[in-house]
Amino acid sequence: MSAAATRTDYFAYTYASLVLAGGIIGFIKAGSITSLIAGTVAGTLLGIGAKQVSGNPKQVLLLLAVSLILMLVMGKRWNGSGKFMPAGMVTVMSMACFVRYALRLC
């Protein structure tokens, strides 16, 4: 295994942490159990994806799948509400993640 293949992907871990934190904040501020569950599940899956891509930069499928789902779901919410926080921010972060890891498949 090359040195590049074992580098920690801080971008992916940061994205996972922000999604997880967003779910917790949604629960604390609005009492939203849905936010807590969705943020925990998505953040955990993204954390697993971050670990995978840190070990093998081409192993991006989990990150792509979760970021695509978040991009679509939160993009629809952003479009409906017009509010950047939190749906717009998650949409933009998810788009960035999706593009970043989709390019690795080329």
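This is a predicted model: local features need pLDDT of at least 70, side-chain atom pairs count only at pLDDT 80 or more; totals for chains, interfaces and linings use all residues.
We begin with two helices. Helix α2 spans residues 33–55, and helix α1 covers residues 10–30. The axes of α1 and α2 lie 7 Å apart, and the two helices pack at an angle of about 170 degrees. An angle over 145 degrees counts as roughly antiparallel, and α1 and α2 are therefore roughly antiparallel to each other. What classes of residue make up the contact of α1 with α2? The contact has 14 nonpolar residues, 8 polar residues and 1 charged residue.

We turn next to the aromatic rings. A pair of aromatic rings is described by two quantities, the distance of the centres and the angle of the planes. Rings pair if their centres lie within 6.5 Å, and by this rule the model has 2 aromatic pairs. One of them joins F11 and Y101, whose ring centres are 6.2 Å apart. The planes of these two rings stand at 55 degrees, so the pair is tilted: a tilted pair falls between the limits of 30 degrees for stacked and 60 degrees for edge-to-face. F11 belongs to helix α1, whereas Y101 belongs to helix α4 (residues 84–102), so the pair ties together parts that are 90 residues apart in sequence. Are these two residues buried or exposed? Y101 is buried, at 0% relative accessibility, while F11 is partly exposed, with a relative accessible area of 34%.

The rings of W78 and F84 also form a pair, with their centres 5.7 Å apart. Their planes meet at 75 degrees, so this pair is edge-to-face, as the angle is over 60 degrees. W78 counts as partly exposed, at 29% relative accessibility. F84 likewise counts as partly exposed, with a value of 43%.

The cysteines remain to be considered. How many disulfides does the model contain? The count comes to 0. From the side of C106, the closest cysteine sulfur is in C97, at 15 Å. The surroundings of these cysteines can be described as well. C97 is buried, with a relative accessible area of 0%, whereas C106 counts as exposed, at 76% relative accessibility.

How values were computed
Residues are numbered from 1 along each chain as its sequence is written. Side-chain values use heavy atoms; hydrogens and water are left out. Rings of Phe, Tyr and Trp (its six-membered ring) pair if their centres lie within 6.5 Å; planes under 30 degrees apart count as stacked, over 60 as edge-to-face and the rest as tilted. Helices (H or I, at least four residues) and strands (E, at least two) are DSSP runs, numbered from the N terminus. Buried means under 20% relative accessible area, exposed over 50%, partly exposed in between (1.4 Å probe, protein chains only). Axes are lines fitted to C-alpha atoms, for helices over the stretch in contact, and angles run from 0 to 180 degrees between N-to-C directions. Angles under 35 degrees count as roughly parallel, over 145 as roughly antiparallel, 65 to 115 as roughly perpendicular and the rest as oblique. Ala, Val, Leu, Ile, Met, Phe, Trp, Tyr, Cys and Pro count as nonpolar, Asp, Glu, Lys and Arg as charged, and the others, Gly among them, as polar. A disulfide is a pair of cysteine sulfur atoms within 2.5 Å.
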